[in-house]
Amino acid sequence: MSSPYRGLGVYAELTDRIEKSLSRFGIPRLIISGFLLLLFILALIMKMDLKILISDSLVRIGMNGILVLAMLPSLRCGAGLNFGLPVGVICGLLGGVLSLNWNITGFAGFFTAIAFSIPPAIIAGYLYALLLERVKGQEMMVGTYIGFSVVAGMCIFWLMAPIDNPALIFAIGGKGLRYTLTLNDTYAKILNNFLSFSLLGITIPTGLLLFFLLFCVLMYYFFRSKIGLAMTAVGANPMYAVSSGINVRKMRMSGIILSTVLAAIGIIVYSQSYGFLQLYTAPLYAAFPAMAAILIGGASLARASISHVLIGTILFQTLLTIALPVTQTILQGSDISEIARIIISNGMIIYALTRAERR
Amino acid sequence: MQEKTAPPTPRLEDRILAVLSRNAVPVFFAVLCLGGIIAARLDINFLVNEVLARLGRNSILVLSLLIPVMAGLGLNFGIVIGAMAGQIALIIITHYRLTGLTGICTAALLAIPFALLFGWLTALVLNKAKGREMVTGMILGFFANGLYQLVFLVLTGTVIPIKDEMLLLSSGIGVRNTVDLINVAGSLDRALDFLWNGLILVNWGPLRLGPWRVPVFTLVLTGLVCAATSFLIRTRLGQQMRAVGQDSRIAEVAGINVDRIRTTAIIISTILASWGQLVFLQNIGTMNTYNSHEQVGMFAIAALLVGGATTRRATIWNALIGVLLFHTLFVVSPLAGQKIFGIPQVGEYFRVFLAYGVIAVALALHAWQSSLRRKTAKQHGEKENSLESRPQD
Amino acid sequence: MSASTFLTLKNISKSYSGTHVLKKVNLSVKAGEIHSLLGENGAGKSTLMNILFGMPVIHETGGYKGGIILDGETVAITSPRDAMNLGIGMVHQEFMLLPGFTITENIKLNREITTENPISKIVGRSLETLDEEAMANDARAALQKLNLTVDESLPIAGLPVGYMQFVEIAREIDKKNVRFLVFDEPTAVLTEGEAKRLLDVMKRLSAEGIGILFITHRLDEVLEVSDTITILRDGEVVHRLAQNEANVELLAELMVGRKIERPTLPRRKTEPTDEDPILTIRDLQVKMPGELVKGINLNVRRGEILGIGGLAGHGKLGIANGVMGLYPATGKVRKDDKPVNLDSSKSALESGMAFVSEDRRGVGLLLTESIEMNIALTAMQIQNKFLRPGFFSALRLEDRKAMRERALRFIEELDIRCTGPTQPVQRLSGGNQQKVCLARAFTLDPDLLWVSEPTRGIDIGAKQLVLDLLVKFNRERGVTVIMTSSELAELRKICDRIAIVYEGRIVGILPSDASDLEFGLLMAGKNTRKEVG
């Protein structure tokens, strides 16, 4: 009975299983995780303060999370990666500027910003969805340039905006909003500091993380509801959706609008943590890190879930946070974290674009 | 079975209308330019001089887009990568202190192997992303930019052992942000100065023309690229490219190696773009090591679209007219912004908005049209030309 | 060219993902012979021709077995280019013409006449300049051979369909080395006059010594031009005969006929009658590409199993897709005497109909989703099943438990082979995917079930199971079933009546025990009974 091949068979089965789970985990995710591990080890070797690094990572995860989450509905409803994310970001900035202008501070200011960014985001998202509906198959390309031109067009708006609050406009000239607007006097870090505490020297930005998780939970339930499942069906197979009596157009548009609204909320959360509202050309490339994160998390053009959002945001943002000090120390000053961000995020997107199965 | 009905000769005004509507985009931008010129009360001599310089500087980059359009790859956002090849060549000749025409010609030769390699790699990726070439090409440009920065900002002076005070940052690592191209500046523009220095200055009483400087040799080169492109269309290779561009499946069945043709198209485009970037930078005279190439793709594509091209059809005339109009607008809009709104930045932002907007509208229009076409085809119950719709018999 | 030139296909076998579509087929064509290949859809004709022409689709799906012998030598054909070099040309079922190219450019595609120039001498042949005049001359000569006087500098786009077919042929005969030509259903898109011209051209070409393989459904045409006729059925050669041995009736019978042991199906308490129609269709027209329906009237009896048969491309698939709102349709459809809105699937689904599409992967399934989700989703959207209230009443969340239960029940009942209800359906075999599609429809508790090509691409065991299920569903729950299938045999196994569709219309309805001959003739558009319902 105990043939010598038996052991071999078990071995083969084992390698087979390892191979399978590897491919399920995804090679890019593996590389990124490996890279992250390497950075951690380097940081340890160089006796860097890991506590600070982890605290910073947590903040960055929380502040970017909702922007990454905004990718989910657009992928789910079949519109692909939302390259037009800046459309929503602009609406968020608009809400932020309004609440600043009225000088509302604290949570009231924060929620006013959100409240006043949602209606424009719904309108802009609707118009944007209307357009994407007409350019099916080219959503990503058109979305990119719509996003770019909206940002550029809004630059003119920021310059001419009918706001004369001296704290917000250029000191010289008396017209035009400043490039960055500080939130220090209103709601900077309001979420970060909410219920925040220190654990083993690591500062936990409780409010920020809770806010992000709250949105994850909301999205989770949304995609478990009747309408959310209809949206998923539209993205997975529009013909199945049609044959199930689902209004494909409506679902796709709702997905894009939802994505736009999330982007608007996301940028406000981001800004309160960053401490500034960045206007003008700052939102130009807002979509790219968000796309990279969800793809690193394991999403593809055909499939995306909340876990992809969570894993991707954690991996990508931790990587970026740690890469900066580590590489700076190693390479004596030259900063490759920005370069790493460019290579990783665009590399991920190319990987997704070249792999995506054609329908 | 003879079926030839001579169309009735249309009236002149109908014909003019037809021409106008067929060229609605360039006509619209021409009107916009004219409006801007009037609003800004622009000095015409200044404008002509500027536009002449820009025509020489930008045309080859725009022309490099034509061949991929013909081969069905759409607008090649990957020419950014070709521009990088050109800049690598420039960095090398700057390091070896090559000057003048010898320098720029060496750069042109050096750029070829880089552009070949980059073009081949680009095509490798694009052939895996069929139907999504444009967005993939664009992201590929960003990605390559990251690698480019890695090589010249981090690896140069560390892994790549060169010492060059003029070229490198004071730390000895990384290429400077701006590289002075004084050694080769204008070397192409003025290569024919021994024949004619290209200066036009005419004073006929009240009529004063000039001073205009014509970049003579650059325009000659542009002409050569035009000639080469139209030659290519009339060759076997050109015919194969057009066939692939129309329907790659039919081309495949006709025995054409589709992927190879697409690769060839991208490589040609990349090489032309690298040369285009050389021409561009020798005219400017300095190189922003990390920025000069970034906007190349976008501005070239916007210019081509302003000239009336689409993602599936682009001619030499689209390219040249597009450069003229787009760059006129480029010169005019800040001044017009200043005059109309009193804020010069409005004009600055307006031209950026214009570049992005033109591309967005052109892409959207094209995608819209093709989806309309698909829809009507479906409504008429026509069989789609694809293997998928074919019952497996 | 010697008359001894032979093209022989020897023991050709081919399977697509496990389904055998060709089984050891032998075929031989002589120079100057017209050899017709006849068979139902799915008999394997096009696959055979795709193999002969080296089409990429063959090699992307794992190649084929057997050999191709030309002039006594075994040849390897791995691309269309190889076939062309060997002198084999093909006139395709769909046009392989570039609409933006002129007639000349299409005829000379990839075989352009070029002249040397200084650059090409250095770089290579691909940069030689086109000799447009010589190309035009060649094109004109080829067109003249076909008696076609049309300006060869016109673009293809805008030409009448018939012309395009001739341009295809002109392209093939322009190839100087062409010895064999394959015509894959060339007359399908032609008018009668054009078809006649085409047959004349074929005869002329064969007189010039070109061997022709002719694939068609039209029996008259076969009789008119063929020297030899081969009949293919289920991927096998079932008969070969000379032209003088054949007549329409014989061919029809051979094409369709097979021994059918019609199992005795359980009887119903009351047999369905015309008095009690569940569905009435009046003047239904459907614009489904490739399956146009051009005006159909049909009464479906409550409780029956109605078959819809006919050849591919004649519109039988369009009927279900039109009624179920998947393709643009016009006409009056009444279910239980209430009108059905054809604009979307919703109305049809709400009226108590369900549909199992012929396009399993394209319409029937969410490939990346789980079995339970596939089964439940349609019922959830239409009938609000599998939902439970969320935190507030308007929010209705999926009821995982109910979905799981239903899925487990079906997995057992239909014997779906899987690792569990959460397995994504893309990992299931074709037969099990089909069972999931059926479960999806059953979950809607329909009283009228449309099923299209339920056994396409699944193995024999699963085929029988699917048919048994439909019978069981019909008998035990009284559900009316309308089954559309290309396989007449399986329709005859379980249906009460079978309607045959020809060129977008129903040409006749036969009881399933009617003779092979009657079915064969109906499929060819010839009604012997003259009672169209």
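A salt bridge is here a side-chain nitrogen of Lys or Arg within 4 Å of a carboxyl oxygen of Asp or Glu, and the side chains of C:Glu372 and C:Arg404 meet in one, at 2.6 Å from N to O. This is a predicted model, in which local features need pLDDT of at least 70 and side-chain atom pairs count only at pLDDT 80 or more, while totals for chains, interfaces and linings use all residues. Residues are numbered from 1 along each chain as its sequence is written, chains are lettered from A and ligands numbered from 1 in the order in which they are written, and side-chain values use heavy atoms, with hydrogens and water left out.

**Salt bridges**

- Over all chains, a search of the whole structure finds 31 salt bridges.
- C:Glu372 in helix α14 of chain C and C:Arg404 in helix α15 (residues 400-413) of chain C are 32 residues apart, and their pair links distant parts of the chain; helices (H or I, at least four residues) and strands (E, at least two) are DSSP runs, numbered from the N terminus.
- C:Glu372 is buried, with a relative accessible area of 2%, whereas C:Arg404 is partly exposed at 31%; buried means under 20% relative accessible area, exposed over 50%, and partly exposed in between (1.4 Å probe, protein chains only).
- The residues A:Arg224, C:Glu372, C:Glu398, C:Arg400 and C:Arg404 are linked in a network of salt bridges.
- In chain A, the side chains of A:Glu133 and A:Arg252 meet in a salt bridge of 3.8 Å, N to O; A:Glu133 lies in helix α6 and A:Arg252 in helix α12 (residues 248-274), so the pair ties together parts that are 119 residues apart in sequence.
- Both A:Glu133 and A:Arg252 are buried.
- C:Asp276 forms a salt bridge with C:Arg302, with the closest N and O atoms 3.2 Å apart, and here C:Asp276 counts as partly exposed at 37% relative accessibility, as does C:Arg302 at 33%.

**Aromatic contacts**

- The structure holds 32 aromatic pairs over all chains, where rings of Phe, Tyr and Trp (its six-membered ring) pair if their centres lie within 6.5 Å, and planes under 30 degrees apart count as stacked, over 60 as edge-to-face and the rest as tilted.
- One of them is the edge-to-face pair of A:Phe110 and A:Tyr187, at 6.1 Å centre to centre and 65° between the planes; this pair links A:Phe110 in helix α6 of chain A with A:Tyr187 in the loop between β1 (180-182) and α8 (190-193) of chain A, 77 residues apart.
- A:Phe110 is buried, with a relative accessible area of 0%, and A:Tyr187 is buried, with 1%.
- The rings of A:Phe288 and B:Phe142 have their centres 5.3 Å apart and their planes at 85°, so this pair is edge-to-face; A:Phe288 lies in helix α13 (residues 287-296) of chain A and B:Phe142 in helix α7 (residues 133-155) of chain B, so the pair joins two chains.
- A:Phe288 and B:Phe142 belong to one aromatic cluster, whose members also include A:Phe83, A:Tyr145 and B:Tyr356.
- C:Arg197 has its charged end over the ring of C:Phe166, 5.0 Å from the centre, a charge being counted over a ring if NZ of Lys or CZ of Arg is within 6 Å of the ring centre and within 35 degrees of the ring normal.

**Backbone with positive phi**

- Most residues other than glycine have a negative phi, and most peptide bonds are trans.
- C:Asp283, which is not a glycine, has a positive phi of about 50°; C:Asp283 is placed in strand β13 (residues 277-286) of chain C and is partly exposed, with a relative accessible area of 43%.
- C:Phe386 likewise has a positive phi, near 55°, and is found in the loop between α14 (371-383) and β19 (387-389) of chain C, where C:Phe386 counts as buried at 9% relative accessibility.

**Chain B as a whole**

- The secondary structure of chain B comes to 14 helices and four strands, and buried residues make up 53% of its 393 residues.
- Along its principal axes, the C-alpha trace of chain B spans about 75 × 60 × 45 Å.
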